[in-house]
Amino acid sequence: MEFRASLLLTLLGFLFVKPGFGQRGDMDIRDTIEKLIKNLQDKPKDVETQQNDFEALEARLNATVDELTRQKAEMESLKKENEGLQMRLNASEGEIDKLKQSSGKAAPQIAFSVSLANFGEIYRGPCTDKTLVFKRILSNTGNAYDQNTGIFTAPVNGLYYFSFSSYGYNTHVVGAILMKNAVRQISTYDDPSIDGSDSSSNAVVLQLAAGDTVHMELWDNGRVFDNLNGHTTFSGFLLFPM
């Protein structure tokens with residue numbers, strides 16, 4: 001800066017020398033010096049303009065970087081959202097495939113109906129083993145009822161309907177208990193009475209898993225009666241699989 005100021009002062013000195021000083025070509029030198037001074041005066045303005053342009057470019061560059069950063073964040077967010085949608089789509093397609101497979105298969109046919117006596121007359125109870133084994137098979141589609149044990153075993157998960165009836169005389173408690181996996185569910189019950197005989201019935205819908213068991217039991221000190229007329233019976237069937 002000091003050099004430029006000194007140079008400027010020197011040139012100004014040449015400009016203000018007395019007329020006639022020097023030779024004829026001094027006027028050309030004067031014009032040249034004036035142009036040089038003007039250029040030197042305009043330089044700071046050019047530098048300032050360039051500085052402003054640079055700052056404007058830097059601001060635009062920063063804005064562009066910010067915009068790219070924002071767009072990148074949006075793309076990452078959309079990518080994650082797309083991944084979530086893809087997972088949901090895959091899960092939905094899996095469920096649809098399962099429904100197609102299940103709808104393509106016929107529901108298993110499971111139903112049985114049995115009575116206690118398969119010949120003559122039978123009194124059952126009182127006894128220590130209170131399980132009622134129904135020997136007369138009226139139907140047993142699917143073979144889920146075992147006539148040797150009196151136990152029905154669910155072959156598939158589902159809702160099942162069961163019903164039973166009991167008949168007996170007034171000398172003992174009359175009735176029966178429906179058991180699921182050895183747990184009491186529903187029952188019929190009549191105390192000894194003077195009316196000679198008693199009969200009763202009950203029904204239930206149970207949700208069973210494959211392998212669950214259902215059977216009938218006597219009450220303690222209970223007794224039931226049956227013959228080929230089918231007074232004491234046990235029935236069940238699958239409503240629908242689950």
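How many aromatic pairs does the count come to? The count comes to 17 aromatic pairs, where rings of Phe, Tyr and Trp (its six-membered ring) pair if their centres lie within 6.5 Å. This is a predicted model, in which local features need pLDDT of at least 70 and side-chain atom pairs count only at pLDDT 80 or more, while totals for chains, interfaces and linings use all residues. Residues are numbered from 1 along each chain as its sequence is written, and side-chain values use heavy atoms, with hydrogens and water left out.

**View A. The pair formed by F152 and Y160.** The ring centres of F152 and Y160 are 5.7 Å apart and the planes stand at 65°, so the pair is edge-to-face (planes over 60 degrees apart; under 30 is stacked and the rest tilted). F152 has 0% relative accessibility and therefore counts as buried (under 20% relative accessible area; exposed is over 50%, partly exposed in between; 1.4 Å probe, protein chains only). Y160 is likewise buried, at 0%.

**View B. The pair formed by Y160 and F162.** These rings are stacked, at 6.3 Å centre to centre with 20° between the planes. Ring pairs join Y160 and F162 to F112, F134, Y145, F152 and F234 in a cluster.

**View C. The largest nonpolar core.** This core (buried Ala, Val, Leu, Ile, Met, Phe, Trp, Tyr and Cys residues joined through side-chain atoms within 4.5 Å) has 25 residues, and F152, F162, L178 and F234 have the most contacts inside it.

**View D. The surroundings of L178.** Leaving aside residues up to four places away in sequence, L178 touches residues including F162, V204, M216 and F234 (heavy atoms within 4.5 Å).
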